[in-house]
Amino acid sequence: MTITIAAIIPTRNRASFAIAAVQSLLAQDVSIEIFVSDNSTDPDPLREFCRTETRVRYLRPPAELSMPAHWDWAIRQAMELSSASHFTVHYDRKLSKPGIWAELAASASKNPDVLLSFPLDSISYDPPPLRLWQTPWTGKPFTIRTERVARLLSDGKVAAISHALPLLSNCIVPRAMLDSIVERFGNVCDSTAPDSAFMARFFALYGHYIHFDRAAGILYGSTRSSGMGYMRGGGGDFDDYRKRWDDRAWLDAAPIPGINLGGNILFHEYELVRRETGDRLPPLDPAGVMNDLSTELRWIHDPEMKADLRRILREHGWNGPDPPPHAAPSRYSAAYQLFCMVRARVFGVVPATITGFAFRDDATALKYALKYPRQAQKDASHLAVFEAEAAE
């Protein structure tokens, strides 16, 4: 079976990002149906762009929605309007790498009933300055058991597994799987965090997924990220996210209800699904979860907020040492950066790991990332914690 893919780009007040995301999909070597769902206060810029692209369908919800409700609405609209066999949510702040979707489609077509996940490279100001982070990769598919991942997550090993989690925005999902999740839970992802809500529901219903071990895109625009705003304790588009949430309960199923810290939002979604499905998911380990949350204090910039969160953790049983500050990679001299770039241009030799280079802006970092991707490695040691097995 050769699969067909529809990509949904949910966006809000990020027209330039969404347009760039669309263009990165239009340039692929495989045909992809593209749906842009615009939850913006001013729809005109994006709507006008979509009118000029015959392969792009513009969607607009009947009213401004919270982010989870918007994602769910957009996905289900695309499922009604498209006959595609598979669907993916494409961040507006992501550029897909040239040619990658033909590889993803070919891999997914070998196991069309199985979810396919993939990693992403990223450009971020955290920790400062702006740097490019390139994931290790082999270019091979691996089978990962959801029972193993759920156990690691429940033990608080989020940092060790975050590079290969089947979040909704880094997956190709069969239509039948989305239908099953809607049938069981009432919607695809309309909870607090749509990415994590989908993943927890997937863990409860399915036994494995295939991880395509190569970064499919590059995340950028971190100063606009809702997720990074949550991690930092504010900023980005997180304030707007919370405003759209209104006065509903916030993270009430989390190990520490109501606080914005690290994986607390992920644990909240996991616990919601665990309560509904019983022994399909292992219970959260309190000590492991508290240790994981404590390591995420390094993201909090405000000293008073960090001290308050540290106090709350100790009240909930955490008694470990204060985590070290978020360590930045070593700074490379301008001369070394120039040497590496000349070597890359002349001999095609690029650094084997993340560059660690400081870039002046997203555009410069993106240009470097697309021209000089990280080199493939022979072993998949970065997937060892998953006990991943080679897939056909």
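Which residue in strand 11 is the bridge partner of Ile 144? The partner is Tyr 209. The model is predicted, so local features need pLDDT of at least 70 and side-chain atom pairs count only at pLDDT 80 or more, while totals for chains, interfaces and linings use all residues. Residues are numbered from 1 along each chain as its sequence is written, and side-chain values use heavy atoms, with hydrogens and water left out.

Start with strand 9, residues 141–145. Strands here are DSSP runs (E, at least two residues), numbered from the N terminus. Two strands pair if DSSP finds at least two bridges between them. Strand 9 pairs with strand 11, residues 208–212, in the antiparallel sense over five bridges. Strand 9 also pairs with strand 13, residues 389–390. That pairing is antiparallel too, over two bridges. There, Thr 143 has Glu 389 as its bridge partner.

Four of the five residues of strand 9 are buried, so the strand is largely enclosed by the rest of the structure. Buried means under 20% relative accessible area, exposed over 50%, partly exposed in between (1.4 Å probe, protein chains only).

Now turn to Asp 121, in strand 7, residues 121–124. Asp 121 counts as buried because its relative accessibility is 2%. Its side chain makes a polar contact with the side chain of Lys 97 at 2.7 Å. Such a contact is a pair of N or O atoms within 3.5 Å; within protein, one must be able to donate a hydrogen and the other to accept it, and residues adjacent in sequence count only if both atoms are side-chain atoms. The Asp 121 side chain also reaches the backbone nitrogen of Thr 135 at 2.8 Å. Leaving aside neighbours within four places in sequence, Asp 121 is in contact (heavy atoms within 4.5 Å) with residues including Trp 133, Gln 134, Ala 215 and Leu 219.
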